[in-house]
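Q: I have a structure open and have not looked at it before. Can we go through it piece by piece?

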Amino acid sequence: MKTWWEGLSYRERLLVSGGAMLTLALLLYALAWQPFQASHRRLRQSVAEQRAELAAMRQMAEEIRRLGGASATPTSPVDGRSLLTLVDQTARAAGLGATLKRVTPQGENRLGVQFDAVEFDQLVPWLGQLERDYRILIVNLSVDRTATGRVNARLTVQGG
């Protein structure tokens, strides 16, 4: 290699050196700078999207705080019904009585509830009503689809 280099004229050495530097610069750009810039653009876009999501979440949290303060007093402590009675009566009132298979106490202020072949579109509003109107927390929920629109559901609820 050294003999080849020494065999080149001054102009050829300049040309080969310039070509090597140009090749090195292009490799640095293609392998380092350009991927860095692309990653930088993606991260900037991701940060902007996440800031927009954060702003929306803060707005929703403020609305939840506002609505939570304006909501009615929970029904269960006022009317004096036990958690077992409340769950059973509201399930039957929501049209879920035929599919309600088991309600079992699970310690202080907790119940296990089991539904077989219940309509999903009836179950979800009832769960929402328990949380919204009676301040009953859904601690655990397991849902398995059985047929179109029907599910087997097992849940654990806790009184507020």
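Q: Which residues form a nonpolar patch on the surface?
A: The model is a predicted one. In it, Met1, Trp4, Trp5 and Val16 make up a nonpolar surface patch, and together they have about 450 Å² of accessible area.

Q: Where is methionine 1 placed?
A: Methionine 1 sits in the segment before helix H1, which covers 2–6.

Q: Buried or exposed? I mean methionine 1.
A: Methionine 1 is exposed, at a relative accessible area of 79%.

Q: Now helix H4. Which residues there are buried?
A: Helix H4 covers residues 83–93, and Leu83, Leu86, Val87, Thr90 and Ala91 are buried in it. They span an arc of only 120° around the axis, so they lie on the same side of H4.

Q: Why do residues three or four places apart point the same way in an α-helix?
A: An α-helix has 3.6 residues a turn, so residues at that spacing point the same way.

Q: What is the relative accessible area of threonine 90?
A: Threonine 90, which is found in helix H4, has a relative accessible area of 5%. The cut-off for buried is under 20%, so threonine 90 counts as buried.

Q: And what is threonine 90 in contact with?
A: With neighbours within four places in sequence left aside, threonine 90 is in contact with Trp126, Leu130 and Tyr134. The side chains of threonine 90 and tryptophan 126 are also joined by a polar contact of 3.0 Å.

Q: Which side chain meets aspartate 88 in a salt bridge?
A: That of arginine 92, with an N to O distance of 3.2 Å. Aspartate 88 and arginine 92 are four residues apart in helix H4, so about one helical turn separates them.

Q: How exposed are aspartate 88 and arginine 92?
A: Aspartate 88 has a relative accessible area of 24% and is partly exposed. Arginine 92 is also partly exposed, at 47%.

Q: How many salt bridges does the structure hold?
A: Five. One of them joins glutamate 119 and arginine 150, whose closest N and O atoms are 3.5 Å apart. That pair links distant parts of the chain: glutamate 119 is in strand E2 and arginine 150 is in strand E4 (residues 150–158), 31 residues apart.

Q: What about arginine 132 and aspartate 133, how do their side chains meet?
A: In a salt bridge, at 3.2 Å from N to O. Arginine 132 is exposed, with a relative accessible area of 53%, whereas aspartate 133 is partly exposed at 29%.

Q: Where do asparagine 109 and arginine 135 lie?
A: Asparagine 109 is in the loop between E1 and strand E2 (110–119). Arginine 135 is in the loop between helix H5 (120–134) and strand E3 (137–147). Asparagine 109 is partly exposed, with a relative accessible area of 37%, and arginine 135 counts as partly exposed at 32%.

Q: Last one: what is aspartate 116 in contact with?
A: Apart from neighbours within four places in sequence, Thr99, Lys101, Val151 and Asn152. Aspartate 116 is placed in strand E2 and is partly exposed, with a relative accessible area of 27%. Its side chain and that of glutamine 114 are joined by a polar contact of 3.4 Å.

Q: And how far is aspartate 116 from glutamate 62?
A: Their C-alpha atoms are separated by 38 Å, and the two are 54 residues apart along the chain.

Definitions and conventions: Residues are numbered from 1 along each chain as its sequence is written. This is a predicted model: local features need pLDDT of at least 70, side-chain atom pairs count only at pLDDT 80 or more; totals for chains, interfaces and linings use all residues. Side-chain values use heavy atoms; hydrogens and water are left out. Patches are made of residues with over 30% relative accessible area and no salt bridge: like charges are joined within 9 Å, nonpolar side chains (Val, Leu, Ile, Met, Phe, Trp, Tyr) within 5 Å. Accessible areas come from the Shrake-Rupley method with a 1.4 Å probe; for residues, only the protein chains shown count as cover. A salt bridge is a side-chain nitrogen of Lys or Arg within 4 Å of a carboxyl oxygen of Asp or Glu. Helices (H or I, at least four residues) and strands (E, at least two) are DSSP runs, numbered from the N terminus. Buried means under 20% relative accessible area, exposed over 50%, partly exposed in between (1.4 Å probe, protein chains only). The arc is that of the directions from the helix axis to the C-beta atoms. A polar contact is a pair of N or O atoms within 3.5 Å; within protein, one must be able to donate a hydrogen and the other to accept it, and residues adjacent in sequence count only if both atoms are side-chain atoms. Contact means heavy atoms within 4.5 Å.
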